[in-house]
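New notebook page. I'm jotting down what I look up, one topic at a time.

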Amino acid sequence: MAQIIDGKAIAAEIRREIAAEVAELSSAHNIVPGLAVVIVGSRKDSQTYVLMKRKACAEAGIRSVDVDLPEDISQAALVAEVHRLNADPSVHGILVQLPLPKHINEENILNEISIEKDVDGFHPLNIGKLAMKGRDPLFLPCTPKGCMELLSRSGVTVKGKNAVVVGRSNIVGLPVSLLLLKADATVSIVHSRTPNPEVIVRQADIIIAAAGQAMMIKGDWIKPGAAVIDVGTNSIDDPTRKSGYRLVGDVDFTEASKVAGHLTPVPGGVGPMTVAMLLKNTVDGAKRGIVS
């Protein structure tokens with residue numbers, strides 16, 4: 001049976017470490033890290049995510065700057081809001097909750113966030129530095145960073161291993177493949193146009209599943225003893241649940257748990273790590289201000 005990687009417990013441990021760092025910053029330098037969370041409109045799912053992030057800030061002692069904007073805000077007004085936060089020295093990180101309303105160009109907005117405050121790690125300069133050998137981005141994207149932290153804290157060696165990333169999104173697949181490469185893994189990316197993906201996945205010592213396809217990766221896709229990090233969050237019908245559905249990953253958990261060496265559950269695996277890494281990036285941004 002696979003060793004289950006408890007993302008919830010690891011994230012709680014990291015958040016305790018962050019709270020200690022925040023207390024130290026406050027007492028030694030009189031600095032309280034500040035994270036601005038910008039939400040446009042009233043999408044229920046976005047509001048839930050934002051509430052979760054703001055609550056996590058409060059628990060860690062990070063100051064949450066709440067920016068709630070109307071659905072019909074113009075792109076120019078939103079850009080002005082981002083510029084205002086860029087110029088505010090008490091704000092060390094800026095997060096714009098996606099998706100934005102259709103009339104706003106997301107790429108243009110994200111490009112306006114100062115690279116020094118890009119705690120999501122999606123600024124083209126941060127991604128560009130991540131892709132280049134010998135360069136270090138100011139921030140790493142939160143979910144890929146969380147995946148690497150789960151491997152590290154579970155004692156999984158990355159150097160010299162075969163790693164396969166399933167999915168090539170800008171948010172997870174692409175950056176996590178670059179991080180694995182930086183950690184000296186031999187990396188393959190499998191995507192929707194890859195013929196016979198199971199043949200490639202079967203060779204992996206480490207699998208990062210981020211395709212957004214419910215239970216796509218079966219037990220017989222997995223090499224015995226492989227470490228499997230499941231980033232997928234998919235809802236499937238389940239009449240036995242009050243809600244009528246349940247959340248599953250991109251990996252068939254029941255089958256994989258009989259073959260893999262390490263395995264993250266869904267929920268309770270990668271999800272809690274994403275928020276923990278966002279807090280970590282914010283504290284790192286505040287620390288960078290002291291050094292500079």
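What covers the buried residues of helix 3? Before I answer, some ground rules: this is a predicted model, where local features need pLDDT of at least 70, side-chain atom pairs count only at pLDDT 80 or more, and totals for chains, interfaces and linings use all residues. Residues are numbered from 1 along each chain as its sequence is written, and side-chain values use heavy atoms, with hydrogens and water left out.

**Helix 3**

I found that the cover includes strand 2 (34-40), strand 3 (63-69), strand 4 and helix 4. (Helices, H or I of at least four residues, and strands, E of at least two, are DSSP runs numbered from the N terminus.) The buried residues themselves are Leu-78, Val-79, Glu-81, Val-82 and Leu-85. Seen down the helix axis, they fall within an arc of 155°, so they line one face of helix 3. The arc is taken from the directions from the helix axis to the C-beta atoms. On the other side I noted Ala-76 and Ala-87 as exposed. My cut-offs: buried is under 20% relative accessible area, exposed is over 50%, and partly exposed is in between, with a 1.4 Å probe and protein chains only.

I also checked the length: helix 3 (residues 75-87) has 13 residues and spans 19 Å from first to last C-alpha, close to the expected 18 Å. That expectation is 1.5 Å times one less than the number of residues.

**Helix 5 against helix 7**

In helix 5 (residues 124-131) I listed Asn-126, Ile-127 and Leu-130 as buried. They sit within an arc of 95° seen down the axis, so they line one face of helix 5. Helix 7 is part of what covers them.

How do helix 5 and helix 7 pack, and at what angle? I get about 35°, with the axes 9 Å apart. (Axes are lines fitted to C-alpha atoms, for helices over the stretch in contact, and angles run from 0 to 180 degrees between N-to-C directions.) Lys-129, Leu-130 and Ala-131 of helix 5 meet Pro-175, Leu-178, Leu-179 and Lys-182 of helix 7. Contact here means heavy atoms within 4.5 Å.

**Salt bridges**

How many salt bridges does the structure hold? I see 17, each a side-chain nitrogen of Lys or Arg within 4 Å of a carboxyl oxygen of Asp or Glu.

- Arg-15 pairs with Glu-59 at 2.8 Å. Arg-15 is in helix 1 (residues 7-29) and Glu-59 in helix 2 (residues 44-60), so the pair ties together parts 44 residues apart in sequence.
- Glu-17 pairs with Arg-153 at 3.0 Å. Glu-17 is in helix 1 and Arg-153 in helix 6 (residues 142-153), so this pair ties together parts 136 residues apart in sequence.
- Lys-280 pairs with Glu-21 at 3.5 Å, N to O. Lys-280 is in helix 10 and Glu-21 in helix 1, 259 residues apart.

Glu-21 counts as buried at 18% relative accessibility, while Lys-280 is partly exposed at 23%.

Most residues other than glycine have a negative phi, and most peptide bonds are trans. I noted these cases:

- A cis peptide bond joins Leu-98 and Pro-99, with omega about 0°; Pro-99 is in the loop between strand 4 (93-96) and helix 4 (106-112).
- Another cis bond joins Val-266 and Pro-267, with omega about -5°.
- Asp-184 has a positive phi near 70° and is partly exposed at 45%.
- Met-215 has a positive phi of about 50°.
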